[in-house]
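Colleague: Could you walk me through this one? I would like to hear about rings, a pocket and a couple of residues.

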Amino acid sequence: MLRSTNDLLDFAIQASDGTIGHVKDFYFDDAAWAIRYLVVDAGSWLSSRKVLVSPVAVTQPNWSEKSLRVSMTKEQVRNSPHIDTEKPVSRQHEEQYLTYYNYPYYWGGTELWGGEMYPGMMIPGVGGLEAQQTRRLESEETHARAQATLHEHDDPHLRSCNEVVGYHIHASDGDIGHVQGLLVDEQSWAIRYMVVDTSNWWLGHKVLIAPAWIQDVSWADSKVSVDLKRQAVKDAPPYNPAADLSREQEAGVHRHYGRRSYWDGM
């Protein structure tokens, strides 16, 4: 099922020994378009420090009670590397964070999460093939470390979801709307769609545009250029944020644009 990042804001993060805090933002990878970290305000118990929580740690989502249970303790969070969430998160910061929690690196593999499709599968022992999985993860991590060293001075690829909300959407023949939110796969944490509000351009509605259809993002100009015509977006199936999006409705969106669906390769 797909979840809106707007709806996930203020979800409680439940550690094994109490509440860590509440979700205030998400960092997504602008190359793979996947949520890499939840930005959590820890509140008064940690002097309102903002901490990062990886989807790797999420074990038991409770969507009705708006909480996410994670496999960590408050003491672990207290002693975790301090990362200034108001500044770009570097690859070095990520290495420190992932090493502290003993998580494999998510980069360097062929899938969304290293060699896996889902973040929880990165932990050795999942699926009953612990020795084989550990060897593979060690090999992938060696490669990931080499890649991290090679690209340590590159521009950061982690972006704030809150920042992207409001970005203008530019079609091949003109502006068409702005980003109202992002829809995320609750299992893989991949961003499947931008929710685009077209009402400022015509008395329109909300539509869905997939990251795969993006041509370019100008972070400095807060603009997303897509490989679509304005009329195609105007005629797209309307999206109702108050209702769950079915696979049939998703298929209808892809048929409308004449694009292959992301699940075809799954």
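This is a predicted model: local features need pLDDT of at least 70, side-chain atom pairs count only at pLDDT 80 or more; totals for chains, interfaces and linings use all residues.

Colleague: Let us start with the aromatic rings: are the planes of phenylalanine 28 and tryptophan 33 stacked or tilted?

Modeller: A search of the whole structure finds 14 aromatic pairs. In the pair of phenylalanine 28 and tryptophan 33, the ring centres are 4.9 Å apart and the planes meet at 40°. Stacked needs under 30 degrees and edge-to-face over 60, so with 40° this pair is tilted.

Colleague: And how would you class the rings of tyrosine 101 and tyrosine 103?

Modeller: Tyrosine 101 and tyrosine 103 are both buried. Their ring centres lie 5.5 Å apart, with planes at 15°. Because that angle falls under 30 degrees, the pair is stacked.

Colleague: Which residues do ring pairs link into a cluster?

Modeller: Tyrosine 101 and tyrosine 103, the stacked pair, belong to it. Ring pairs join these two with others into a cluster, whose members are Tyr37, Tyr97, Tyr100, Tyr101 and Tyr103.

Colleague: On to the second largest pocket: which residues lie nearest its centre?

Modeller: This pocket has a volume of about 370 Å³. Strand 1 (2-4), helix 1 (5-8) and strand 10 (174-185) each give at least two residues to its lining. By class, the lining has 12 nonpolar, four polar and four charged residues. Of the 20 lining residues, those nearest the centre are Leu2, Arg3, Ser4, Asp7 and Pro241.

Colleague: Is serine 225 buried or exposed?

Modeller: Serine 225 is in strand 14 (residues 223-226). Beyond residues up to four places away in sequence, serine 225 touches His170, Ile214, Gln215 and Asp216. Its relative accessibility is 14%, and the cut-off is under 20%, so serine 225 counts as buried.

Colleague: Last one: how far apart in space are leucine 228 and glycine 174?

Modeller: Leucine 228 is in the loop between strand 14 and helix 6 (230-234), and at 6% relative accessibility it counts as buried. Its contacts outside four places in sequence include Ala171, Ser172 and Asp173. Leucine 228 and glycine 174 are 54 residues apart in sequence, while their C-alpha to C-alpha distance is 9.9 Å.

How values were computed:
Residues are numbered from 1 along each chain as its sequence is written. Side-chain values use heavy atoms; hydrogens and water are left out. Rings of Phe, Tyr and Trp (its six-membered ring) pair if their centres lie within 6.5 Å; planes under 30 degrees apart count as stacked, over 60 as edge-to-face and the rest as tilted. Buried means under 20% relative accessible area, exposed over 50%, partly exposed in between (1.4 Å probe, protein chains only). Helices (H or I, at least four residues) and strands (E, at least two) are DSSP runs, numbered from the N terminus. Contact means heavy atoms within 4.5 Å. On a 1 Å grid over the protein atoms alone, a cavity is a set of points where a 1.4 Å probe fits but cannot get out, and a pocket is an open set with protein on both sides within 12 Å along at least five of seven lines; lining residues have an atom within 4 Å of a point. Grid points are joined across faces, edges and corners, and a volume is the space filled by probe spheres set on the points. Ala, Val, Leu, Ile, Met, Phe, Trp, Tyr, Cys and Pro count as nonpolar, Asp, Glu, Lys and Arg as charged, and the others, Gly among them, as polar.
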